[in-house]
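Open the model in your viewer and keep the sequence panel beside it. The stops below say what to select and what is there.

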Amino acid sequence: MKILMVLTSHDQLGNTGHKTGFWLEEFAAPYYTFLEAGADITVASPKGGQPPLDPKSDEPHFQTEQTKRFHADPAAQAVLTSTVPLASVWPDDFDAVFYPGGHGPLWDLAEDKDSIAIIESLYRSEKPVAFVCHAPGVLRHVKAADGAPLVRGKKVTGFKNTEEDGIGLTNVVPFLVEDVLKQNGGVYSSGADWGSYAVQDGLLITGQNPGSSVETAQILINILQTASLTGQRALSD
């Protein structure tokens, strides 16, 4: 079970002068969910090396069990210092891809040709693709085999407009995740602000916010484990 995790390399929060990047909980919680399921994890980013951490996600009131575990885990920290460049990734080497959010992906991964190609390749190879919080915005330019937006007609979720408004960044981000999913024909739904809410539509999995990270990752694991069991049964028949 080989899972690719893709993180942003973008660290500027628009023209605010503040830093952004990936959201720690959205990396740490899925990372440990995958690790405990026995997955072989590769972490990539557009530039490779150390991806930028959104400093707000490391503030005390955003700490969770998983982020505290990460801070006490030198091996996991070492994984982050040496992410592989996205251009070097071969999609056929992986069974699935998972995108943590943070605001950074809205600037780089949403426009990154390598990222788009990886998602399209995996999905067309009937492998699951998963995104949490702002990361569903990475699907902005991703196409299905027929050239239509990948999300068209599919059940999706992602960071809500009311959640973006709640943190005061509606006029800072390059686009709103909820809006772009709807504009591309996605059947958008959401749960309560900041509550865990994830949606699966076949091989497409999306989570609403940081608190949805574990649920989103677990759906991905369930798909992979079911596929593995199905394959084992087929071999034994």
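**A tour by selection**

Start by selecting residues 24-218: their end C-alpha atoms lie 18 Å apart, and the span is 32% helix and 14% strand. Helices (H or I, at least four residues) and strands (E, at least two) are DSSP runs, numbered from the N terminus. An unreviewed UniProt entry annotates residues 24-218 as "domain: DJ-1/PfpI"; such annotations may be inferred rather than shown by experiment.

This is a predicted model, in which local features need pLDDT of at least 70 and side-chain atom pairs count only at pLDDT 80 or more, while totals for chains, interfaces and linings use all residues. Residues are numbered from 1 along each chain as its sequence is written, and side-chain values use heavy atoms, leaving out hydrogens and water.

Next, colour by pLDDT (the predictor's confidence in each residue, from 0 to 100). The protein has a mean pLDDT of 95, and 96% of its residues reach 70 or more. Then select residues 233-237, where the pLDDT is below 50 and the model has zero contacts (heavy atoms within 4.5 Å) beyond near neighbours in sequence.

Now select Asn 184, in the loop between helix H7 (177-183) and strand E7 (187-188). Is Asn 184 buried or exposed? Asn 184 has a relative accessible area of 16%, so it counts as buried (under 20%; exposed is over 50%, partly exposed in between, with a 1.4 Å probe and protein chains only). Show its surroundings: leaving aside residues up to four places away in sequence, Asn 184 touches Leu 139, Arg 140, Pro 149, Val 151 and Arg 152.
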